[in-house]
Every structure is written in C-alpha cells, then in structure tokens.
Amino acid sequence: MASPRDHAPLAERVEELLGPGGPLPIVAAGDPVLRRGTEPYDGQLTPALLARFVEALRVTMHAAPGVGLAAPQVGVPLRIAVIEDPAPVPAEVAAARGRVPQPFRVLVNPAYQPVGTARAAFFEGCLSVPGWQAVVARHAEVRLRGQDENGRALDEVFAGWPARIVQHETDHLDGMLYLDRAELRSLSSTEAMTERWTQPTPATAAQALGFTLP
Ligand code: ZN
C-alpha cells in the first residue's frame with residue numbers, strides 16, 4: 001500500500017512548477033513525458049495543491065489559447081486534463097463540426113469508449129505540436145467515465161466537437177498524440193490552414209492533398 005511519502009516527489013514537482021505563477025510552459029512533442037503515459041490520480045496531491053494545479057492548467061489553456069490541456073503537456077505524469085471551448089466560430093462551421101460551446105471541465109482519470117460506429121474526420125491541432133494541423137477520424141460519439149476534481153463520478157456521452165476534445169485529451173494521458181491517429185497526407189502548416197483549408201469540412205483538402213475521408 002502506498003504511503004504519503006511514496007507520493008512526495010510528484011507533489012514536490014508540482015509545487016515547484018506552480019512556484020513562479022502564471023501560465024505554465026507547455027511541453028513540445030519529442031519530450032518523453034508525452035509518450036510514457038500517466039499514473040491514475042489517487043490523492044498524490046493534497047486537495048489544495050490539486051486545486052492550484054487545476055487552476056494553473058486552466059490559465060495555461062486560456063493563455064495558449066487552446067480548448068483542452070492534459071497534465072503531461074506541462075510535464076506532470078498524472079491522469080488529469082481540463083477542457084473548455086467557447087466555440088468562437090462561424091455558424092456554418094459550428095454546424096458542420098458539431099462545435100457547440102463546452103464549459104470548463106476537469107477530467108480526472110478519464111477513459112472513453114465509442115458509442116456506435118460513426119466516425120467524424122476534421123482538422124485538429126495540439127498545443128504540443130505548434131504550427132501544424134492534420135485531419136483525424138475519431139469516434140463521433142463517446143462515453144466518458146472518470147471523476148471530476150472533487151472525486152465525483154463522471155459518466156457522460158459526448159458528441160460533436162466536445163467528443164473530439166475529450167478523445168484528444170484522454171489520448172494524451174495514454175501517451176498518444178493526435179498525429180498517431182492522423183491522416184498524414186493532410187498535415188498542414190498554420191499558414192496553409194489559414195490560406196486554404198478554412199472550409200467547414202476537410203472534403204476540399206482531401207481531394208487536393210490526396211487522402212480519403214470515412
Ligand atoms: Zn494535444
């Protein structure tokens with residue numbers, strides 16, 4: 001059985017990380033912390049430290065800006081992520097992508113399973129892979145189970161863009177990056193995205209770049 005002492009190093013690392021205040025540095029692809037997977041959260045941080053860590057994730061996600069951030073992306077190998085999406089996109093884009101506003105949420109020990117067999121393919125990006133986006137076909141709907149930051153059980157079905165966000169963030173906790181699941185022929189720089197691929201769906205990009213959509 002683990003004693004509090006066994007968890008001391010991780011809590012100390014988080015204390016140190018939060019020391020300077022403000023947004024945390026985001027770890028980029030190539031750092032092994034993004035590939036090793038995470039420990040389930042089981043009280044390694046005191047409730048007060050967990051609350052400060054979650055707040056730091058929120059501040060960092062907003063500053064980036066992004067719609068989700070997983071603990072390994074700030075170098076902490078714990079199974080914790082935050083999500084929030086105000087969905088500031090044109091109505092046509094929002095409708096095609098199911099991009100409905102998603103309030104701030106903390107996901108503790110999340111795991112997902114597909115609901116049905118439908119898949120949805122859209123461009124997505126990652127704060128740990130700055131400057132690039134690629135098309136990823138993901139489950140259109142997933143059932144997400146885990147806890148919230150207060151230890152209350154979470155069991156919810158996500159659809160549309162929020163389903164994409166929770167899959168992307170949960171994958172981070174398993175040491176996966178979106179590029180592992182991406183259609184690599186779709187890989188596009190931010191410049192190419194802005195100039196060419198702002199359509200509501202990636203159909204035009206698929207034709208021009210030579211990849212298939214589900
Ligand atoms: Zn990411």
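**Salt bridges in a predicted model**

At 31% relative accessibility, Arg-143 counts as partly exposed. This residue belongs to a salt bridge with Asp-155, and the structure in which the pair is found is a predicted model. The count of salt bridges comes to 12.

**Asp-155 and Arg-143**
- The closest N and O atoms of Asp-155 and Arg-143 are 2.6 Å apart.
- Asp-155 has a relative accessible area of 46% and is partly exposed.

**Glu-156 and Arg-105**
- A salt bridge joins the side chains of Glu-156 and Arg-105, at 2.8 Å from N to O.
- Distant parts of the chain are linked by this pair, with Glu-156 in strand β7 (residues 153–159) and Arg-105 in strand β3 (residues 102–114), 51 residues apart.
- Glu-156 is partly exposed, at 29% relative accessibility.

**Asp-180 and Arg-35**
- The side chains of Asp-180 and Arg-35 form a salt bridge of 2.7 Å, N to O.
- Both residues are in loops: Asp-180 between α4 (160–173) and β8 (182–189), and Arg-35 between α1 (4–18) and α2 (47–63).
- The pair links distant parts of the chain, 145 residues apart.
- Asp-180 is partly exposed, with a relative accessible area of 41%, and Arg-35 also counts as partly exposed, at 43% relative accessibility.

**A network**
- Salt bridges link Glu-124, Arg-138, Arg-164, Asp-171 and Arg-181 in a network.

Notes
Residues numbered from 1 in each chain as written. Predicted model: local features only at pLDDT ≥ 70, side-chain atom pairs only at ≥ 80, totals over all residues. Heavy atoms only, no water. Salt bridge = Lys/Arg side-chain N within 4 Å of Asp/Glu carboxyl O. Helix = DSSP H or I, 4+ residues; strand = E, 2+ residues; numbered from the N terminus. Buried < 20%, exposed > 50% of the residue type's maximum accessible area, 1.4 Å probe, protein only.
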